[in-house]
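Biologist: I have a model on my screen and would enjoy going through it with you. Could you take my questions one at a time?

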Amino acid sequence: MSQLPPCPKCGSEYSYEMGELLVCPECAHEWNPNDQSDSEQTREIKDASGNVLVDGDDVTIVKDMKVKGSSNTLKVGTKVRNIRLVAGPGDHDIEAKVDGFGAMNLKSSIVRKVSGN
Ligand SMILES: [Zn+2]
């Protein structure tokens, strides 16, 4: 018999099958082990205007954002170069170095791709 994969959320090895789904008894997470690789492959990250973003794109900030651990606010119009797409915490799906802030995670919903590069 094949062993069930561990919980993708908390890493528990005590997951069990419930129909099509796997269930974690420790954090109550339910997931479909067959769906996962598919959705990973077709996952597209889009900016505020619906343009598909790729690694290396330049974007601008379209919404003021308070930066955790800083008294500064990331302002509308700030240019962010050479983004990387990541599976960050929450819905933070972009990682980039921002002038004056350093490396940080951003949400694709608050950026717009700079066209013409
Ligand atoms: Zn779990």
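This is a predicted model: local features need pLDDT of at least 70, side-chain atom pairs count only at pLDDT 80 or more; totals for chains, interfaces and linings use all residues.

Biologist: How are the donor residues of the zinc ion spaced in sequence?

Modeller: Residues are numbered from 1 along each chain as its sequence is written, and side-chain values use heavy atoms, with hydrogens and water left out. Donors are N, O and S atoms within 2.8 Å of the metal (3.2 Å for Na, K and Ca), and sites may look incomplete because water is not among the atoms. The spacing of the zinc donor residues is C-x2-C-x13-C-x2-C.

Biologist: What is the geometry of the site of the zinc ion?

Modeller: The SG atoms of Cys7, Cys10, Cys24 and Cys27 are the protein donors, lying 2.3 Å from the zinc ion. Four donors count as tetrahedral if all angles lie between 85 and 135 degrees. Here the angles among the four donor atoms are 107 to 112°, so by that definition the site is tetrahedral.

Biologist: Is Cys7 buried or exposed?

Modeller: Buried means under 20% relative accessible area, exposed over 50%, and partly exposed in between, with a 1.4 Å probe and protein chains only. Cys27 has 33% and is therefore partly exposed. Cys7 has a relative accessible area of 3%, so Cys7 is buried.

Biologist: Is Asn82 buried or exposed?

Modeller: Asn82 sits in the loop between β7 (79–80) and β8 (84–85), and its phi is positive, near 55°. Its relative accessibility is 53%, so Asn82 counts as exposed.

Biologist: Over how many bridges do β9 and β10 pair?

Modeller: Two strands pair if DSSP finds at least two bridges between them. β8 and β9 (residues 92–98) are antiparallel over two bridges, with Arg84 partnered by Glu95. The hairpin of β9 and β10 has three residues between the strands, and Gly100 has a positive phi near 85°. β9 and β10 (residues 102–107) are also antiparallel, and their number of bridges is six.

Biologist: Which element gives the largest share of the lining of the largest pocket?

Modeller: On a 1 Å grid over the protein atoms alone, a pocket is an open set of points where a 1.4 Å probe fits, with protein on both sides within 12 Å along at least five of seven lines, and lining residues have an atom within 4 Å of a point. The largest pocket holds about 240 Å³ of space, with Phe101 and Met104 among its lining residues. Four lining residues, the largest share, come from β10.

Biologist: How many charged residues line the second largest pocket?

Modeller: Asp, Glu, Lys and Arg count as charged. The second largest pocket has about 200 Å³ of space, and β9 gives the largest share of its lining, three residues. Its lining includes Arg84 and Glu95. Alongside three nonpolar residues and one polar, the number of charged residues is six.

Definitions and conventions
Four donors count as tetrahedral if all angles lie between 85 and 135 degrees; four count as square planar and six as octahedral if opposite donors are over 155 degrees apart and all others between 65 and 115; anything else is irregular. Grid points are joined across faces, edges and corners, and a volume is the space filled by probe spheres set on the points.
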